[in-house]
Amino acid sequence: MTDFTKKVITIIKKIPYGKVMTYGQIAKAAGSPGAARQVVRILHSMAEKYNLPWHRVINAKGEIAFRNEEMFLTQKSMLESEGIEFISNKSVSLRLYLWDSEWEYIQ
């Protein structure tokens with residue numbers, strides 16, 4: 001496993017209940033600002049194995065990125081169960097819910 005992958009896993013595990021992070025934010029915090037798509041791949045392949053709170057990761061627009069309706073609804077339901085309110089069918093307010101404690105990402 002690469003250092004980047006380890007850092008991404010650590011960061012995702014630290015996203016608090018009721019907060020979200022973006023793929024790009026995670027990539028930047030892990031040391032590779034342009035690697036948002038790699039974060040997607042890591043989540044896809046390792047979320048279950050490492051028990052990651054994958055549902056707390058959204059795109060830069062504050063939207064759920066799933067095109068698959070079942071996965072979309074699953075993620076939305078999980079976020080709503082944590083008290084996150086949607087401002088449209090698929091987006092949340094980044095101003096309210098974005099977790100941005102850079103000093104806490106990797107310790």
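Q: What kind of model is it, and how are residues numbered?
A: The model is predicted, so local features need pLDDT of at least 70 and side-chain atom pairs count only at pLDDT 80 or more, while totals for chains, interfaces and linings use all residues. Residues are numbered from 1 along each chain as its sequence is written, and side-chain values use heavy atoms, with hydrogens and water left out.

Q: Back to rings. How many aromatic pairs are there?
A: One. The ring centres of Trp54 and Phe66 lie 5.8 Å apart with planes at 85°, so this pair is edge-to-face. The rule: rings of Phe, Tyr and Trp (its six-membered ring) pair if their centres lie within 6.5 Å; planes under 30 degrees apart are stacked, over 60 edge-to-face, the rest tilted.

Q: Where do the two residues of that pair sit?
A: Trp54 is in the loop between helix H3 (36-46) and strand E2 (57-58). Phe66 is in the loop between E2 and helix H4 (69-81), and the two are 12 residues apart. Helices (H or I, at least four residues) and strands (E, at least two) are DSSP runs, numbered from the N terminus.

Q: And Phe66, buried or partly exposed?
A: Partly exposed, at 32% relative accessibility.

Q: Which residue lies over the face of Phe86?
A: Lys76, at 5.1 Å from the ring centre. The test is NZ of Lys or CZ of Arg within 6 Å of the ring centre and within 35 degrees of the ring normal.

Q: New topic. How many residues are in the largest nonpolar core?
A: 20. Phe4, Val8, Ile12, Ile26 and Leu43 have the most contacts inside it. Helix H1 (3-13), helix H2 (23-29) and H3 each supply at least two residues of this core. The largest share, five residues, comes from H1. Such a core is a set of buried Ala, Val, Leu, Ile, Met, Phe, Trp, Tyr and Cys residues joined through side-chain atoms within 4.5 Å.

Q: What other core is there?
A: One of nine residues lies apart from it, including Val20, Ile64, Leu79 and Ile84.

Q: What does Ile26 touch?
A: Val8, Ile11, Ile12, Ile15, Met21, Val39 and Val57, leaving aside neighbours within four places in sequence. Contact means heavy atoms within 4.5 Å.

Q: How do H1 and H3 pack?
A: At an angle of about 75°, axes 10 Å apart. That makes H1 roughly perpendicular to H3. Phe4, Thr5, Val8, Ile9 and Ile12 in H1 meet Gln38, Val39, Ile42, Leu43 and Met46 in H3.

Q: What about Thr22, buried or exposed?
A: Buried, with a relative accessible area of 10%. Thr22 is found in strand E1 (residues 21-22). Beyond neighbours within four places in sequence, Thr22 contacts Val57, Ile58, Asn59, Ala60, Leu94 and Leu98.

Q: What is phi of Asn51 near?
A: 50°, a positive value in a residue other than glycine. Most residues other than glycine have a negative phi. Asn51 is in the loop between H3 and E2 and is exposed, at 67% relative accessible area.

Q: Last one: where is Ser81?
A: In helix H4. Ser81 counts as exposed at 54% relative accessibility.

Definitions and conventions: Buried means under 20% relative accessible area, exposed over 50%, partly exposed in between (1.4 Å probe, protein chains only). Axes are lines fitted to C-alpha atoms, for helices over the stretch in contact, and angles run from 0 to 180 degrees between N-to-C directions. Angles under 35 degrees count as roughly parallel, over 145 as roughly antiparallel, 65 to 115 as roughly perpendicular and the rest as oblique.
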